[in-house]
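Please consult the structure while reading.

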Amino acid sequence: MQLENKRLMKKTIYSKYDKSKISALPRVVFHGHIVVVITEAEADKAVKYLLSQPILGIDTETRPSFKKGRINQVALLQVASHDICFLFRLNLIGMPSSVIKLLEDTTVPKIGLSLHDDLMMLGKRGTFERGCFIELQDKVREIGVEDMSLQKLFANFFGQRISKRDQLSNWEADVLSEKQKLYAATDAWTCVLLYEELMRLEQTGDYCLVKSEE
């Protein structure tokens, strides 16, 4: 009976999450402090703080282009700890040496999704050697999850919805809106939560994988 109860208490995750269920889930938002970085001096202070943290979530935003063949440069780099997220406005400050130092750091794990694309875009802003980055898509594959989007993954592992409403907004606007700031911070922060939960499940085996029927 005890063994049966233990089985029932395991977290159920799906190899493929049903996207149609996401809209009914409660929304998750970052409740920490958000700091917008618009000068090199602010970037220096932000990076000093970030490199004192044990783990970071990372993401980028680029102003969407609606012209065929035109791709804008990355406008925003968001980096989050558990309780604070810095939004580096690269379209205003470029790639300061402190930001390059952050990207080249090999001591603090930086967790992200589709990191290849993010790092490639950042590389067009400034040359750097890639430091310690961990790709969430690789980690979820290891336990049999096939979904690759942050929204599906968070719904699968936490039963909460990440809103993507502001994804295609103007990330080069003179002033970012509160909704934009919250969106950007949430994306970076949830990468940390997902990684920590993946590590917990891998270590404890406290999950049951339900494979989707094709």
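## Aromatic rings and a helix

F154 and F158 both lie in helix α7 (residues 150-158), four residues apart, which is about one turn of the helix. Helices are DSSP runs of H or I with at least four residues, numbered from the N terminus. The model is predicted: local features need pLDDT of at least 70, side-chain atom pairs count only at pLDDT 80 or more, and totals for chains, interfaces and linings use all residues. Residues are numbered from 1 along each chain as its sequence is written, and side-chain values use heavy atoms, with hydrogens and water left out.

A pair of aromatic rings is described by the distance of the centres and the angle of the planes. Rings of Phe, Tyr and Trp (its six-membered ring) pair if their centres lie within 6.5 Å; planes under 30 degrees apart count as stacked, over 60 as edge-to-face and the rest as tilted. The structure holds six aromatic pairs, including the two in this table.

| Pair | Centre distance | Plane angle | Class |
|---|---|---|---|
| F86 and F88 | 6.5 Å | 40° | tilted |
| F154 and F158 | 4.5 Å | 25° | stacked |

F154 is buried (under 20% relative accessible area, with exposed over 50% and partly exposed in between, for a 1.4 Å probe and protein chains only), at 0%. F158, at 30%, is partly exposed, and K11 lies over its face at 5.1 Å from the ring centre. Such a charge has NZ of Lys or CZ of Arg within 6 Å of the ring centre and within 35 degrees of the ring normal.

Ring pairs also link Y49, F86 and F88 into a cluster.

Key. Helices (H or I, at least four residues) and strands (E, at least two) are DSSP runs, numbered from the N terminus.
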